[in-house]
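Hi,

Here is the model we talked about.

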Amino acid sequence: MSAILTKAPVTAPPDEEPAPRIVPARRTGQWTAAAAVLVLVALGLVSVATNRAFQWDVVADYFTSTSVLRGLGLTLWLTALVMALGFVLGTLLAVMRLSINPVLRAVSWGYVWFFRSTPILVQLLFWFNIGVLYPTVLGVSTVNLLGPVSVAVIGLTLHEAAYAAEVVRGGVLSVDRGQIEAAQSLGLGRTRRLTRIVLPQAMRAIVPPAGNMLIGTLKGTSIVSVIAVQDLLYSVQLVYHATYQVVPMLLVATLWYVLVTSVLSVGQHYVERHYARGTAGAR
């Protein structure tokens, strides 16, 4: 009986198998959606640019007019002063809130609670009518004591301080506890620990919300127009009340707010990058 020999099928070793081909996933839906959005944005820009109702020639005429620039200057001055005073008072409130003294903590908490709970417009109107509530204080008449600009500074500062206090407090609490304990072991007093150790490191957490507050304050100053402070918005209102060119004058104010806000955003980016040096957030 003869045996029949057959050859086993030859298979390629595993290491000689052809490499799999990587085919990129098709994202047809995403590209279609992106193209549709770009088309809609382009159509919107063309519509705004070609719509005669916007009266772009009037916008160009008043964009750098004396009254508008004067109102812009007051808006910038008011923003800078309110932010500076607000953060000085807010830092004091934050230190009180972090104090071991229960009375200071309670007073700081009550201040923040009250001014964050009431609308800024209501606060301004109360200050504007302070002469009705308290005709005299320590024998001094308050009827004509505060002008519209003074009322705006006081009202906005007290309002911003409540938010600045929470921003500073959050930044201080973000500092590693070990840094404070190390400063204590070196014999540094509370004030020196705060100014030399805590605040420089807390700035990384303080700057981003502080930048948002600055931009918010810039736009929020427009509310002082209700008490006849001649800021940017009030200046354009005076013009369109006389010329009835409401839309182009509102565009003038809008473009200035957008321009200044963009500049502040760029500045905020560089300040954030400065304080983020040596960390993972630096870029």
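Helices here are DSSP runs of H or I, at least four residues long, numbered from the N terminus. Keep in mind that this is a predicted model: local features need pLDDT of at least 70, side-chain atom pairs count only at pLDDT 80 or more, and totals for chains, interfaces and linings use all residues. Numbering starts from 1 along each chain as its sequence is written, and side-chain values use heavy atoms, with hydrogens and water left out.

Pockets first (open sets of points on a 1 Å grid over the protein atoms alone, where a 1.4 Å probe fits, with protein on both sides within 12 Å along at least five of seven lines; lining residues have an atom within 4 Å of a point). Helices H7 (148-173), H8 (177-185) and H9 (190-220) each give its lining at least two residues, with H9 giving the most, four. Among the lining residues are Arg 177, Arg 190 and Arg 193.

The second largest pocket comes to about 270 Å³. Of its 15 lining residues, Phe 87, Met 203, Ile 206, Val 207 and Ala 210 are the closest to its centre. H9 again has the largest share of this lining, seven residues.

Finally, Met 249 is in contact (heavy atoms within 4.5 Å) with Tyr 62, Val 68, Val 236, Val 239 and Tyr 240, leaving aside neighbours within four places in sequence.

Cheers

Key: Points joined across faces, edges and corners; volume = space filled by probe spheres on them.
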